[in-house]
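User: Could you walk me through how to read an interface and a strand in a model like this one?

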Amino acid sequence: MASVTLKNIKKIYPNAQKKKRKGEPEKKSNLKITAEGVVAVEDFNLEIADKEFIVLVGPSGCGKSTTLRMVAGLEEISDGELLIDGVKVNDVAPKDRDIAMVFQSYALYPHMTVYDNMAFSLKMRKLPKDEIDKKVREAAEILDITQYLDRKPKALSGGQRQRVAIGRAIVRNPKVFLMDEPLSNLDAKLRNQMRAEIIKLRQRIDTTFIYVTHDQTEAMTLGDRIVIMRDGVVQQIGTPQEVFDHPANKFVAGFIGMPQMNFYDAELVKEDGKYAVVLEGAKVVLSEDKQANLAKNDVKSQSITLGVRPEHIQLKGDASQMIHGTVDVSEMMGSTIHLHVNACGQDSIVIVPMNDIHEEGIDVSIGAQVSFTFRGKNVNIFDRETEKNLEF
Amino acid sequence: MAPTLAAFCVGFIWPFLHGLYLSFCQFTTVNNAKWIGVGNYAKALADTSFIDSFKFTVAFVIVATLIINVTAFAIALALTKEMKGTNIFRTVFFMPNLIGGIVLGYIWQTLFNAVLMKMGQPLLALNTTAGYWGLIILLCWQQIGYMMIIYVAGLQNVPPDLMEAASIDGANNWQTLLKVKLPMVMPSITICLFLTITNAFKLFDQNLSLTAGDPAHTTEMMALNIYYTFYARAGAAWKGIGQAKAVIFFILVVIIGLTQLRATRSKEVQQ
């Protein structure tokens with residue numbers, strides 16, 4: 001149980017070759033390259049409170065795992081300060097940081113039984129045998145793996161190995177619990193189940209968590225706060241609700257939320273002190289709070305990127321505010337239908353509840369003409385050049 | 001399948017069985033053989049030079065195997081750390097293995113004799129201790145590079161995650177080596193031990209060219225002893241005795257090799 005502070009943390013790989021060897025394909029990322037080398041993590045600042053669950057999320061190569069590995073001590077910190085419980089630990093060895101880590105590959109010792117895997121760290125710390133036994137059995141109880149204690153990892157399924165990996169981490173009561181994409185090797189069903197188990201586990205062991213994932217669903221469901229990263233740079237830090245409702249830029253808006261937010265090239269106009277967005281002739285006046293935010297930033301009329309989430313698009317509204325299009329694809333999801341509508345020269349995704357379709361007899365067959373609009377309170381307005389949210 | 005089997009029978013099975021038969025015969029050529037029963041074996045085991053060569057061989061194998069494997073593993077460990085020029089070192093260490101045994105023996109004989117002369121010691125032909133250690137140095141020089149390559153391959157196969165997990169779990173370098181790395185490279189250890197033990201046991205060319213068993217057969221290993229029995233002694237009886245010694249030698253190597261394989265295999269893990 002501890003607070004963790006990252007102050008201006010930086011990671012620079014001195015040459016491109018080393019970067020490649022880490023298995024992160026260089027083509028994909030747009031990492032900054034300076035005279036010193038490739039900047040994998042740039043100026044990372046975060047205060048993690050005691051017992052907080054922080055999720056680092058972003059596409060592959062964004063620096064999230066590197067950041068976690070720096071906290072673990074597996075990767076050297078190029079610049080900046082890392083504090084655990086207020087003590088600077090930049091140069092402290094991993095074993096002395098009082099952290100535990102769950103690896104994506106589980107990293108179980110294949111030549112040891114489950115019991116020995118879990119007891120290893122306690123043996124290294126020279127705890128008395130009976131105490132080790134007690135702790136291992138307790139952890140096994142929590143994770144429901146008592147019956148596998150005598151087995152070797154190869155005799156276990158993926159989910160069971162995952163539990164052992166978690167068990168190995170919790171036996172020590174670490175100050176900070178690090179997890180590096182722990183669920184990405186599991187199939188979809190097991191992943192959902194383990195996600196729920198991690199939430200339960202968190203309530204039981206009540207310590208500080210730093211969790212890395214590329215899956216926005218995991219980030220949203222697990223995190224007290226989410227840190228969204230891209231190309232080594234932190235994009236936004238906030239609670240799941242905050243980053244969903246108020247994305248700081250177009251990248252965050254597109255990354256968080258399934259299906260992805262729709263983006264349109266639109267105009268922001270200010271008439272008589274009131275802001276409105278104009279898209280394909282449809283004009284939607286913004287809500288009061290958005291008006292206030294834009295006015296505060298003294299935003300002028302300009303071309304913008306308009307972002308609207310699929311669930312905020314509606315098929316009825318004022319005729320003057322309607323945008324017209326054709327249904328390209330219609331995906332039945334059970335209680336809703338995801339429509340891919342060709343409008344404004346691009347693909348828009350619209351989520352329509354089945355109830356609406358039945359009650360109002362809307363034609364959603366492929367090729368059907370549909371009209372849609374959105375409310376002023378549900379739009380996100382991004383600068384077309386910088387892609388920043390103009391409300392910030 | 002069939003041609004391979006035929007070749008195997010003609011090239012291996014038949015000569016082997018015929019050799020086995022000849023060990024129970026008195027013979028001068030393969031076709032001129034007379035069955036005499038187990039007499040050859042009795043004479044072979046009664047031959048003190050054979051027993052002495054066995055003792056010398058065992059003493060040689062134990063020391064050479066230990067030195068070769070410990071050194072090869074240590075070098076492999078060093079060369080799998082990230083440092084510049086590892087590829088060059090790997091090539092350099094491997095090169096001695098490309099030189100034939102006879103040539104090696106003569107080169108080292110010249111070297112050792114020069115050194116012994118400088119030290120004011122008797123030369124190899126008159127110096128059992130120098131002969132023993134000379135053979136060990138020679139074999140180490142030749143084999144360490146080869147075994148190192150196998151250990152390098154094994155070490156590179158150990159997932160880096162395991163090392164990192166061990167470092168977080170609180171293991172120091174030494175503990176990580178003993179508790180994680182070594183168990184993970186057991187397959188390499190098995191194969192290296194097998195190769196060094198059997199190669200050292202069967203050593204012939206280097207023995208012949210470096211010391212030729214001198215002085216007075218005291219640095220004679222089993223293979224060389226069999227060779228001398230077969231070719232260097234006058235009298236029809238010796239060929240059969242040499243043949244019997246060869247069969248005994250074969251059985252020894254098989255027993256030792258299999259025992260070692262079984263012992264180390266059981267320690268191997270699958271990931």
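Analyst: Happy to. The contact draws 17 residues from chain B and 18 residues from chain A; two residues are in contact if their C-beta atoms, placed from the backbone, lie within 7 Å. This is a predicted model, where local features need pLDDT of at least 70, side-chain atom pairs count only at pLDDT 80 or more, and totals for chains, interfaces and linings use all residues. Residues are numbered from 1 along each chain as its sequence is written, while chains are lettered from A and ligands numbered from 1 in the order in which they are written.

User: Which element of chain B gives the most to the side that touches chain A?

Analyst: Elements here are DSSP runs numbered from the N terminus: helices (H or I, at least four residues) and strands (E, at least two). Helix 7 of chain B gives the most, with 7 residues.

User: Is strand 9 of chain A mostly buried or exposed?

Analyst: A residue is buried if 20 or more other C-beta atoms lie within 10 Å of its own, exposed if 12 or fewer, and partly exposed in between, with C-beta atoms placed from the backbone. In strand 9 (residues 208-213) of chain A, 6 of 6 residues are buried. Thr208(A), Ile210(A) and Val212(A) cover one side, and Phe209(A), Tyr211(A) and Thr213(A) the other.

User: Which strands pair with strand 9 of chain A?

Analyst: Strands pair if DSSP finds at least two bridges between them. Strand 4 (residues 53-57) of chain A runs parallel to strand 9 of chain A over 5 bridges, and Leu56(A) stands opposite Val212(A). Strand 8 (residues 176-180) of chain A is also parallel to strand 9 of chain A, with 5 bridges.
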